[in-house]
Amino acid sequence: MTDFIEGLERDLVQAADRLTRTRRTAAIARRRRLPGRGLAIAVAALVVAGSATAAVVRLATQPSEPLAGPIGASRAYAVSLAPDLRAGQAGWCGGVRYSSGGRTTSGGTGCAPPRAAGGAIVVSGLGGVGETIRFAITIPSARAVRFAGAMAVATRGDRTLPYGWRYAVATRKPPSDARRPGPSSFAAPIALAADGRKLPATTQADRGTGGGSSRLVTGAAPARRCVIGGARGFAAGYARVAVRLPHLPSRIEGRAFASCAYTVFHVPGSHAHVTAAILLDAQRPSSRAAALPPVPGLDGHRLGRGWVVASGATAARRRSLLARLHPRL
């Protein structure tokens with residue numbers, strides 16, 4: 001009986017030892033497999049990152065031309081962005097101006113209402129006959145713009161553009177037998193994200209935007225509110241005052257201004273003219289308007305919650321007009 005008990009005890013101890021060794025071996029094997037699993041995760045991450053990199057590489061772009069530069073030996077161009085000064089309207093105007101020998105020879109401007117949040121292109125346009133300048137002003141997430149019949153152009157930033165907006169400018173020489181840009185040149189540009197995805201130029205919310213209205217200011221029907229008035233030494237010409245400001249989306253890209261009045265002043269003894277306007281916050285006219293962006297060719301100063309600004313002619317004439325105005329809201 002004692003031998004049986006001693007034998008049973010010995011067998012139980014050996015069985016317990018075998019179980020312990022088995023569990024220890026399994027634990028070591030699991031620990032050894034962990035680096036392999038981690039490596040697999042790292043490799044998978046690299047594959048994903050490689051795919052994203054490949055997407056970026058596939059977006060082939062060419063550099064953008066600057067906002068202003070020479071064309072040939074004696075001509076130059078300049079692309080600009082400025083608030084819409086037309087009474088009753090809000091938004092931004094983009095244009096191309098051509099000059100030769102320091103004097104403006106031609107130019108054109110197009111305006112667009114403020115973009116609802118998510119709209120990638122603020123304003124775009126083109127100009128020129130000998131060389132076609134195409135441009136687009138975009139929101140910060142647009143890293144390239146594809147113009148009709150051209151490679152995508154990488155966007156660039158500039159201190160004169162507000163809210164971190166970017167721009168793309170492309171120069172295209174039309175065929176020698178073409179006197180004007182072809183129909184394809186007028187196709188709307190396409191904004192692209194860094195990975196090549198197409199960004200919407202406008203959104204559904206933009207369809208709800210409604211334009212404002214204005215009326216002519218005359219001696220018989222003077223402005224009662226948003227009054228620009230006259231300025232000694234300048235002849236007041238065409239003038240309008242807003243009757244109704246535009247209806248805008250609740251959320252827009254950046255901020256914008258609405259013009260409640262504007263007047264064109266002629267400089268006696270010259271062909272120059274200066275346009276004066278009163279700008280308010282486009283979405284909340286009773287609130288303080290945003291800071292005036294550093295737009296070339298535009299000067300202004302605070303007028304209560306808004307701004308009185310002057311555009312055109314020379315900087316000296318703009319400042320002279322502003323100093324002689326007595327506007328009021």
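Mentor: A disulfide is a pair of cysteine sulfur atoms within 2.5 Å. This is a predicted model, with residues numbered from 1 along each chain as its sequence is written. Local features need pLDDT of at least 70, side-chain atom pairs count only at pLDDT 80 or more, totals for chains, interfaces and linings use all residues, and side-chain values use heavy atoms, with hydrogens and water left out.

Trainee: What makes Cys226 and Cys260 a disulfide?

Mentor: Their sulfur atoms lie 2.0 Å apart. That is within 2.5 Å, so the pair counts as a disulfide.

Trainee: Is that disulfide left-handed or right-handed, and how do you know?

Mentor: Look at the torsion about the S-S bond. It is about -100°, so the disulfide of Cys226 and Cys260 is left-handed.

Trainee: Which parts does the pair tie together?

Mentor: Cys226 lies in the loop between strand E14 (213-216) and strand E15 (235-244), and Cys260 in strand E16. Strands (E, at least two residues) and helices (H or I, at least four) are DSSP runs, numbered from the N terminus. The tied parts are 34 residues apart in sequence.

Trainee: Why are Cys226 and Cys260 called buried?

Mentor: Buried means under 20% relative accessible area, exposed over 50%, partly exposed in between (1.4 Å probe, protein chains only). Cys226 has 12%, so Cys226 is buried. Cys260 has 4%, so Cys260 is buried too.

Trainee: How do you know that Cys93 and Cys111 are bonded?

Mentor: Their sulfur atoms are 1.9 Å apart, and the pair meets the cut-off given above. With 100° about the S-S bond, this link is right-handed. Cys93 sits in strand E4 and Cys111 in strand E5, so parts 18 residues apart in sequence are tied together.

Trainee: How many disulfides does the whole structure have, and in what pattern?

Mentor: The search finds 2. Counted along the chain, the bonded cysteines follow the pattern 1-2, 3-4.

Trainee: How many residues of the protein chain count as buried?

Mentor: Of its 329 residues, 38% do.

Trainee: What secondary structure does the protein chain have?

Mentor: The chain has 2 helices and 19 strands.
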